[in-house]
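Reader: Can you walk me through this one? I'll ask as we go.
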Amino acid sequence: MNTIKCQILLKAVELGSITRAAEDMGYTQSAVSRSIADLEREWDVTLLTRNKDGVVLTAQGESLLPDIQSLCNAQRTLETQVSALHGLTRGTLRVGTFTSVSIHWLPGIMKEFLALYPGIRFDLVSKWEFAEVEELVRRGQVDCGFLALPSGDALDTAFLRRDRLLAVLPPDHPLAGAECYPAARFAQDPYIRIHEHWDMEFSRIFQDEGLRPNIQYTVNDDFAILAMVEQGLGISILPEMVVRGSQRNVAAIPLERPRYREIGLAVRRGGPVSPLTRRFRDFTLQWLEGDR
């Protein structure tokens, strides 16, 4: 069994695109298509179907997915054990992450980590939702993952940092220079929200305050929100990590009642944690202590 072909298939499913899978894995598009076609021919099944948005698993592909994942996880476990025999001189670390961490933390962490362990390779899997990262860790598809706390019982987590939530306002907003943003104003000012599947932490704020925001726009990207706020289309709530370092001309002030999200690094509970993963976790904690 050629596990590389299975890994290619899983990457195409994960990204929903043959083209994006090829770019992510460093193959040509034709090589990715050929690998998946080889599997379909060898197994005499149709694994993927194409639509206007990309590719999705067929019913046959769905039924085989757990076994394909198990095969690839077993291959990665074997590689981890072999790497352990060589210390930290070589190996691949697969990390689940989300946008803020990918932009603000991981480049610095990886640069310094690779300076100490140049033989290590990183494979980053970025998701929009914390629940998706949690699922990747739980299934063993990544070695560790950055997510919001608390997480499910299936994971062991290390607390990393509290990320303050801020009201983001146009620069000419009358409260742009205020000490905080009153909760009641959310019912008045045009509010730009992140897609409802990803805004649970913000929705809880409004539930706790007993108010309904004046929602005018719904988008699926934090940086689109910053651009819209800069143009005066409305206000929003964003984590400080998203706002920090942004070149957008916006005002960011604390909420009337301070709110935070807690970010942690998770591994699967009960499963073997490789020396490489443990070292990366410890290194990340140390790096963030120095970055405070």
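Reader: Phenylalanine 113: buried or exposed?
Author: Buried, with a relative accessible area of 0%. Buried means under 20% relative accessible area, exposed over 50%, partly exposed in between (1.4 Å probe, protein chains only). This is a predicted model: local features need pLDDT of at least 70, side-chain atom pairs count only at pLDDT 80 or more, and totals for chains, interfaces and linings use all residues. Residues are numbered from 1 along each chain as its sequence is written, and side-chain values use heavy atoms, leaving out hydrogens and water.
Reader: How many aromatic pairs are there?
Author: Twelve. Rings of Phe, Tyr and Trp (its six-membered ring) pair if their centres lie within 6.5 Å; planes under 30 degrees apart are stacked, over 60 edge-to-face, the rest tilted. Phenylalanine 113 and phenylalanine 122 are edge-to-face, because their planes are at 75 degrees, with centres 5.9 Å apart.
Reader: What about phenylalanine 122 and phenylalanine 280?
Author: Edge-to-face too: 5.6 Å centre to centre, 65 degrees between the planes. Phenylalanine 122 lies in strand 4 (residues 120-126) and phenylalanine 280 in helix 11 (residues 275-290), so the pair ties together parts 158 residues apart in sequence. Helices (H or I, at least four residues) and strands (E, at least two) are DSSP runs, numbered from the N terminus.
Reader: Which residues do ring pairs link into a cluster?
Author: Trp105, Phe113, Tyr117, Phe122, Phe146, Phe280 and Phe283.
Reader: New topic. Where is serine 35?
Author: In helix 3 (residues 29-43). Serine 35 is buried, at 12% relative accessible area. Beyond its neighbours within four places in sequence, serine 35 contacts Lys5 and Ile8 (heavy atoms within 4.5 Å).
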